[in-house]
Amino acid sequence: MTDYLIKNGFVYDPILGINGDKVDVAIKDGKMADAGDVTNPTIIDATGMTVMAAGVDVHAHVAGPKVNTGRNFRPEDKLFNGTAGSGIKRMEGGFSVPTVFRTAYLYARMGFGFSMEAAMPPLYARHTHEEIRDTPIIDQGALPVFGNNWFVLEYLKENEIENTAAYIAWLLNQTKGYGIKCVNPGGTESWGWGLNCETVDDVVPYFDVTPRQIVSGLIEANEYLGLPHCMHVHGNGLGEPGNYEITLDTLKIAEGFKPQNDFGRDVVLHNTHLQFHCYGGESYSSKFFESKSKEVVDYINSVDNISYDLGVVTLDETTTMTADGPFEHHLSHMNNLKWANTDVELETGSGVVPFIYNPKTFIAGAQWAVGLECGLFIKDPMRAYITTDAPNAGPLCRYPRVYKWLMSAKARDDMLDNTLKYGDRIRERCYIGELDREISLYELAMMTRAGPAKTLGLGHMFGSLKPGLEGDVAVYPYNPETDTDDPEKIEYAFGNAAYLIKGGKLIVKEGEIVDMGNKRTFWVNATVNDNPMVERDISEKFRRYYTVTQNNYAVEGHHYVPNPYVIEVDATK
Amino acid sequence: MAKVILTPTQTPTLFLEAENITPDVFAGKNAAEIAALHGFVGKTTVTLGDYFTVEGAGGQTAADTTVVINGDVSRVKYIGMKMSAGELIVNGNADMYVGGWMTGGRLTVNGDIEAFAGLGMTGGELIVNGNAGNYLGAAYRGDWRGMQGGEIRVSGNAGSDVGTFMRGGTIVVGGNIDVHVGTHMEGGTIIVKGDAKSRVGGQMVKGTIYVYGDIDVMMPGFQYRNDADLEVDGDNGRFALYEGDMGERHPKRKGEVIYGQLYMKY
Amino acid sequence: MAKIVTDVVCPFCGTLCDDLEVALSDDGEEILEVYNACAIGAAKFLHSQAKDRLTRPRMKQEDGSWKEVTYDEAADYTANLLVDAKKPLMYGWSSTNCTAQSTGSEIGEEVGACMDNTATVCHGSTLIAVQDVGVPSATLGEIANRADRVVFWGCNPAHAHPRHMSRYSIYPRGFFTGKGSKSRKMIVVDPRNTDTAKMADVHVQLEQGRDYELLSAIRVAIRGEKLPDVVAGIPKEQIYEIADTLKSGRFTAIFFGMGVTHSLGKNHNIDIAIMVTRDLNDYTKAAIVAMRGHYNVTGSGQVWGWEFGFPFCLDLTRGFARYNPGDSSSNDLLIRDEVDAVFVLGSDPGAHFPVGSVKKIAKLPSVCIDPHITPTSAVSKLHVPVAFVGVEVGGCAYRMDNVPIETRKVVEPPEGMLTDDEFLQLVLTRVRELKGAA
């Protein structure tokens with residue numbers, strides 16, 4: 001295997017405390033190494049460029065049934081934007097919901113090495129893994145959804161944590177899943193009857209359990225098992241004006257829980273796409289709507305066991321997709337566009353609706369502001385990660401644009417003054433006008449690699465250039481000494497990595513993709529004590545209520561997960 | 001105004017895709033440069049010169065360029081696609097996507113055209129002195145934004161799915177029209193001077209359809225309102241106004257519900 | 001003692017039953033009996049055992065007779081045919097697994113093909129409708145557990161999907177439907193008095209070809225607006241009653257089939273049926289599901305979705321994927337003389353396409369990859385028999401509700417026979433050699 005020495009770049013690594021120093025970065029046998037330990041390496045000249053560990057995406061919708069629904073039901077998302085294959089690259093297509101090949105190439109061009117698929121319906125796990133398998137280059141994992149699962153609802157109604165944990169361990173194994181995702185707890189099951197759970201204390205019909213019990217129980221089960229990632233929640237009331245109180249109620253459920261794991265993770269709850277959960281006021285009109293990002297982030301700043309990602313609105317025409325079935329139904333009534341919905345037996349639901357965040361409307365501009373505020377109010381950037389909840393708040397390809405807005409007050413002012421029709425009104429109703437903070441490259445490295453790696457329990461593999469970690473390095477054509485004059489240079493550089501090395505393989509060379517890498521699927525195999533009751537419940541549910549047999553449920557490794565990376569967790573003690 | 005004359009020299013064995021035949025692309029180019037422009041037959045790349053003789057030259061801009069095709073191009077697709085200005089005249093029949101996504105200028109076909117003409121059109125004039133196929137002035141698959149502006153005039157008959165998801169502009173069909181007229185229409189005007197078969201204005205939200213002749217089967221969601229004497233496209237007559245589709249959602253303006261309007265001539 | 005293989009997945013229709021049991025001979029080589037399957041499914045398994053089965057590729061000679069060739073020769077012919085063509089059509093892809101579909105995509109991309117699956121003559125109109133208005137849907141188990149109103153519109157599961165009603169839609173005693181068929185009201189809308197219609201609580205016998213009007217009328221009735229006295233041959237009183245029945249249920253499921261997908265208006269019929277479902281969700285819960293035919297036509301659309309972004313009618317000739325049924329659809333391509341070679345795998349256009357299209361196939365260089373001798377293989381220049389997916393080789397298939405299930409290998413294929421994917425791999429390798437040489 002070729003060793004590499006990346007020389008003369010400006011290096012940013014918050015784990016090693018390197019802040020823009022010119023340090024040589026070395027990769028030996030596929031892992032990060034001391035510069036002195038490589039012999040006869042291939043030299044990469046990073047003079048005038050920025051060097052970081054490869055990016056880690058904590059939350060994106062890039063593979064699986066609802067993503068593919070988004071592709072197949074939106075031919076117009078691909079009109080006139082296809083790219084022919086060339087060299088080793090397959091043909092590409094799609095703007096807001098790119099094909100698997102474009103997804104992989106986009107991530108590579110943005111210098112990313114790992115992406116977490118944010119919601120996997122267990123019954124469709126095979127589909128999710130087929131797409132993950134066919135997405136080259138990047139390592140991926142997928143989070144099965146648990147927040148509306150009948151087993152979980154029944155066990156948590158009685159606060160049976162051990163049974164919940166045993167079921168979770170079984171399901172992670174069956175679906176080759178990575179951790180616990182919880183979407184609109186209880187609300188999506190209610191949607192099975194056309195209803196919803198609008199607060200954390202609404203009772204789920206028939207199951208007689210509340211979102212509060214579900215969130216609390218899943219956190220507890222997560223720590224009982226000691227999973228690498230924490231409970232990953234998309235709370236109730238997404239997108240609703242006034243929902244910040246529900247968000248605070250949800251976050252406060254984490255009070256008193258301490259992380260129990262061997263992976264260096266120090267939070268127990270990850271609140272995804274916080275932007276959608278920080279709204280005040282009682283409608284979307286500029287008279288009533290207001291940002292409550294400060295109130296929510298202030299609370300998060302006051303505790304130490306919660307992380308979140310931003311979900312920044314990028315003001316594009318995009319495709320929304322979530323396991324929050326009732327929300328998508330609601331959305332389809334707001335914009336009258338096509339609506340796909342799939343309720344999944346015993347487990348979950350989902351919806352998909354195209355959406356245009358029109359910069360000429362007040363509310364889209366306000367959402368844009370709230371998302372950025374969520375990134376600018378954070379005290380410890382190791383707990384706030386940059387996402388667009390791709391493609392919900394914006395397409396994957398827009399990450400570099402979000403970096404530009406976070407890193408440049410000038411770029412934000414330009415938006416408020418020139419692009420957004422209601423810039424002044426947005427300054428009044430949101431906090432964006434008061435914030436002159438500019439995220440530094442060092443903080444960017446926390447918010448896009450070191451932080452997400454840590455919260456995923458992958459800090460021992462990704463997010464830093466520390467010797468022994470995976471040989472994942474990105475080199476961006478951005479000179480922190482001379483390129484600060486124009487924020488557009490940020491957007492260009494972080495969308496056009498000059499080099500990406502992934503697992504010690506050179507993937508991007510001088511801006512061109514030259515290798516499809518050695519893609520792995522990460523999943524967590526948690527071992528628990530034998531639990532005959534849960535085993536019996538499982539076989540009973542399959543016999544009576546599932547339409548596939550129990551023996552046809554498991555995702556077989558050989559075919560769907562041909563190159564697994566299994567993280568073993570022992571919860572038998 | 002500069003003029004470019006294309007004369008077909010051979011019929012493509014399969015079909016020629018020639019989205020480069022527009023005043024926009026021809027502007028600023030001489031005959032040799034135009035002849036060297038690419039077209040596609042299946043997976044092979046060809047030049048316009050392989051299929052046409054080229055005379056004249058483009059003007060400085062699209063607006064001062066006229067393109068004339070003298071001859072049958074019924075196996076050539078995408079003529080005038082995305083044109084924004086100037087003039088394009090086809091003296092013969094043409095295939096699919098004539099004037100697809102056009103934004104301006106004038107495109108005249110003296111002959112018949114196939115499906116998907118004026119797809120997603122936002123401006124300009126598309127004049128067909130002949131018959132048109134299906135999906136005239138409709139939306140591309142999946143798009144909720146069909147024809148949004150400009151004018152399409154067909155002297156003869158038109159096929160099915162005319163004006164699907166139409167949101168603006170005008171379509172005038174001199175002859176008869178096949179099923180599904182203005183389905184999902186949300187604006188704009190369709191005038192059918194001959195007969196229509198069925199499914200006129202199905203799922204219509206807003207907009208106006210005039211039918212001079214008969215409609216074989218009316219949609220159940222249209223309700224008679226009143227008679228009106230109107231001048232429509234230069235023709236005077238008495239029309240019965242129906243509103244619908246009552247099964248579809250409708251917006252409100254100043255507290256009043258806005259329906260799609262279907263006028264049938266007595 | 002016969003050996004029993006359990007949890008076998010039936011590779012026939014989109015119902016994709018996964019509870020079959022297959023009895024094998026002691027040596028495990030022969031299928032003796034198939035349990036739990038419908039008659040069609042059982043026949044598919046037993047058919048693979050036919051003694052006179054074709055096991056080697058064969059080329060048609062000048063005189064119309066067939067000559068046996070090797071798989072390598074067959075792959076060479078196929079690769080040359082695809083590489084030489086300016087615009088080859090690669091059609092079928094519905095009776096095979098996702099692995100073969102994926103390898104086929106690589107070939108199609110290499111040779112710049114138009115690729116299409118059997119949806120083009122089946123539920124393609126559904127896919128178009130979904131692109132226009134979306135689709136509120138649910139898995140079949142969700143319907144089994146919750147639905148108390150079940151509508152079959154233009155479909156006849158009693159014959160086409162024989163176990164559908166017992167497994168998913170009418171008879172199961174689900175979590176919230178403990179009384180089975182007694183928990184449900186069954187409505188069949190069909191101009192014919194089919195065997196399914198005979199079982200219904202309500203049979204709405206509309207005029208042929210007036211589905212769009214009747215569905216529109218139901219939307220009008222759901223909104224409480226005025227209707228004409230009769231629509232599609234159905235009196236308005238009955239239409240209001242249908243609307244009330246659908247609205248008053250706790251969960252309404254609508255299934256539809258070829259009776260509406262390919263009658264007058266095609267995609268518009270599905271579009272408006274979806275809109276009825278969407279409307280119902282303002283009052284109660286409702287879902288709509290297409291009764292997909294071939295057992296993995298759905299998978300073909302899924303694989304192409306994640307690889308190219310479109311579920312059928314792909315035009316890859318320009319190096320990137322384009323899509324527009326009416327232009328890039330198989331029958332339009334054939335009838336308009338737009339393609340110059342035809343490759344068929346996992347379908348039988350010879351039996352399902354209009355005769356005008358079949359004549360075009362017969363005139364063009366053509367290859368048919370199919371375990372059976374079919375009308376398509378009969379008109380093709382090369383016929384490549386392969387192993388039966390779901391019987392002799394496993395692989396993923398997608399049920400009509402898009403749920404992916406891994407089919408099982410039950411017995412070995414006859415000695416020396418290749419699977420779809422193995423043959424396609426040979427073709428892909430040869431295509432790359434030819435392109436490298438060019």
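This is a predicted model: local features need pLDDT of at least 70, side-chain atom pairs count only at pLDDT 80 or more; totals for chains, interfaces and linings use all residues.
1. Salt bridges, overall. Over all chains the count of salt bridges comes to 87. One network of them links Lys31(A), Asp139(A), Glu470(A), Asp472(A), Lys502(A) and Arg520(A).

2. Lys28(A) and Asp3(A). These two residues form a salt bridge whose closest N and O atoms are 4.0 Å apart. Lys28(A) belongs to strand β4 (residues 25–28) of chain A and Asp3(A) to the segment before β1 (4–7), so the pair ties together parts 25 residues apart in sequence. Lys28(A) is partly exposed, at 28% relative accessible area, whereas Asp3(A) is buried, at 9%.

3. Glu488(A) and Lys404(A). Here the closest N and O atoms of the salt bridge are 3.3 Å apart. The bridge links distant parts of the chain, 84 residues apart: helix α16 (residues 488–495) of chain A holds Glu488(A), and helix α12 (residues 399–407) of chain A holds Lys404(A). Glu488(A) counts as partly exposed, with 43% relative accessibility; Lys404(A), with 8%, counts as buried.

4. Arg249(B) and Glu186(B). In chain B, the side chains of these residues meet in a salt bridge of 3.2 Å, N to O. Arg249(B) sits in the loop between β18 (235–244) and β19 (252–253), and Glu186(B) in strand β13 (residues 186–192), so parts 63 residues apart in sequence are tied together. The relative accessible area of Arg249(B) is 24%, making this residue partly exposed.

5. Val548(A). This residue is in the loop between α17 (532–544) and α18 (557–560) of chain A, and is buried at 4% relative accessible area. Beyond its neighbours within four places in sequence, its contacts include Leu123(A), Glu345(A), Phe542(A) and Tyr553(A), as well as Asp18(C), Arg399(C), Val403(C) and Ile405(C). Leu123(A) is 425 residues away from Val548(A) in sequence, with 8.9 Å between the C-alpha atoms.

6. Ala60(A). Strand β8 (residues 55–60) of chain A contains Ala60(A), which is buried at 0% relative accessibility. Not counting residues up to four places away in sequence, Ala60(A) touches several residues, among them Tyr107(A), Met116(A), Ala390(A) and Tyr399(A).

7. Ser377(C). Located in helix α17 (residues 375–379) of chain C, Ser377(C) is buried, with 0% relative accessible area. Leaving aside neighbours within four places in sequence, Ser377(C) contacts Trp66(C), Cys368(C), His372(C) and His383(C).

8. Negative patch on chain C. Asp26(C), Asp27(C), Glu29(C) and Glu30(C) gather on the surface as a patch of negative charge. Glu29(C) is placed in the loop between β2 (20–24) and β3 (31–35) of chain C, and is exposed at 58% relative accessible area.

Terms used:
Residues are numbered from 1 along each chain as its sequence is written. Chains are lettered from A and ligands numbered from 1 in the order in which they are written. Side-chain values use heavy atoms; hydrogens and water are left out. Patches are made of residues with over 30% relative accessible area and no salt bridge: like charges are joined within 9 Å, nonpolar side chains (Val, Leu, Ile, Met, Phe, Trp, Tyr) within 5 Å. Accessible areas come from the Shrake-Rupley method with a 1.4 Å probe; for residues, only the protein chains shown count as cover. Lys and Arg count as positive and Asp and Glu as negative; His and the chain ends are not counted. The place of a charge is taken as NZ of Lys, CZ of Arg, CG of Asp or CD of Glu. Helices (H or I, at least four residues) and strands (E, at least two) are DSSP runs, numbered from the N terminus. Buried means under 20% relative accessible area, exposed over 50%, partly exposed in between (1.4 Å probe, protein chains only). Contact means heavy atoms within 4.5 Å.
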